[in-house]
Amino acid sequence: MIAIVAADANWGIGLRNDLLVRIPSDQKFFRETTTGKVVVMGRKTLESFPGKKPLPNRVNIVLTRNKDYAPEGVEVVHDIDELNKLISAYDKDDVYLIGGASIYKQLIGMCDKALVTKIDKVYEADTYFPNLDADEAWEMIEESDEQTYFDLIYHFCTYIKKN
Ligand SMILES: NC(=O)c1ccc[n+]([C@@H]2O[C@H](COP(=O)([O-])OP(=O)(O)OC[C@H]3O[C@@H](n4cnc5c(N)ncnc54)[C@H](OP(=O)(O)O)[C@@H]3O)[C@@H](O)[C@H]2O)c1
C-alpha cells in the first residue's frame, strides 16, 4: 500500500475537517496518481469531499465503526482485518492510503512507500501525518525540483520504508 499526502512543514495535514491549502498541480498529481486505483480513507475524509461523494473512477474503501453507514458508491469496512481481506484482492501498488490523520497513523506501518507533497510553510492545523523524517524506518529517495504556487514553495517527495 502507498500513502499519499500533502503536508506542511510540521507535517500538518488538516484543520476542521478540511485541507490546509489547495494547490492545483498537487490536486492534479493526486488525481492522476490515484485514478483507476483503490483509495482507502476514514469516514471523516470521505465526508470532507464535495457533496460527501466518493472520488470518481476509483474504488473507494471507507473505514467506519458504524455498521449502519452505507453511502452510495463506497465499499465500507469496519476494522483493519476487514480492510486487509478486501485489499488482498488487489495489487498492493494499486492501493493508496489517502487519509485522514487517524487512518495514516494506524496504517502507515502497512505502507512501503509514501508520496508526500511537502509544503514549505506552517499552517494552523489540528491533524498530522507521522513525521517520516524523524522515523529511521523511512528514507526519502526522491525530491522534485522546487515547485511554486503564488508565494508557496513545495516539493513532491518519495519516501520508502527501508528493508
Ligand atoms: N493533506 C492531506 O493530504 C489530507 C488527506 C486526507 C485527509 N486530510 C485531512 O485529515 C482530516 C481528517 O482526519 P481525521 O483523523 O480527523 O479523520 P479520518 O481519519 O479521515 O476518519 C476518522 C474516522 O475513520 C473511522 N476509523 C478510524 N479508524 C478506524 C478503524 N480502525 N476501524 C474502523 N473505522 C475507523 C472512524 O469513523 P466513525 O467515526 O464513523 O466510526 C473515525 O472517526 C481532515 O482535516 C482532512 O481534510 C488531509
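How do the residues of the shell around the ligand divide into nonpolar, polar and charged?

1. The model under review is a predicted one. In it, the shell around the ligand comprises eleven nonpolar residues, eleven polar residues and five charged residues. There are 27 residues around the ligand, and those that come nearest are Arg 43, Thr 45, Thr 64, Ser 102 and Gln 106.

2. Location of the ligand. Two or more residues of the shell are given by each of the following elements: strand E1 (2-7), strand E2 (12-15), strand E3 (18-19), helix H2 (43-48) and helix H4 (101-107). Among these, H4 supplies the largest share, with five residues.

3. At 2.8 Å, an oxygen atom of the ligand faces an N or O atom in the side chain of Ser 102. A polar backbone atom of Gly 100 lies 3.0 Å from an oxygen atom of the ligand. For Leu 63, a polar backbone atom is found at 3.5 Å from an oxygen atom of the ligand. As to burial, the ligand taken alone exposes 940 Å², of which the protein buries 87%.

4. The three-stranded sheet. Strands E3, E2 and E9 make up an open sheet in the order E3-E2-E9, and their pairing is antiparallel. E3 and strand E9 (127-128) are the edge strands, each pairing on one side only. In general, the strands of a sheet pair through backbone hydrogen bonds, in either a parallel or an antiparallel manner.

5. Pairing of E2 with E9. These two strands run antiparallel and are joined by two bridges. Within E9, Thr 127 is the residue that stands opposite Gly 14.

6. Pairing of E2 with E3. Here too, two bridges are present, and the sense is antiparallel. Leu 15 has Asp 18, in E3, as its bridge partner. Which residue in the turn between E2 and E3 has a positive phi? The two strands form a hairpin with two residues between them, and Arg 16 in the turn has a positive phi of about 50 degrees.

Definitions and conventions:
Residues are numbered from 1 along each chain as its sequence is written. This is a predicted model: local features need pLDDT of at least 70, side-chain atom pairs count only at pLDDT 80 or more; totals for chains, interfaces and linings use all residues. Side-chain values use heavy atoms; hydrogens and water are left out. A residue is near a molecule or strand if one of its heavy atoms lies within 4 Å of it. A polar contact is a pair of N or O atoms within 3.5 Å; within protein, one must be able to donate a hydrogen and the other to accept it, and residues adjacent in sequence count only if both atoms are side-chain atoms. Accessible areas come from the Shrake-Rupley method with a 1.4 Å probe; for residues, only the protein chains shown count as cover. Helices (H or I, at least four residues) and strands (E, at least two) are DSSP runs, numbered from the N terminus. Ala, Val, Leu, Ile, Met, Phe, Trp, Tyr, Cys and Pro count as nonpolar, Asp, Glu, Lys and Arg as charged, and the others, Gly among them, as polar. Two strands pair if DSSP finds at least two bridges between them.
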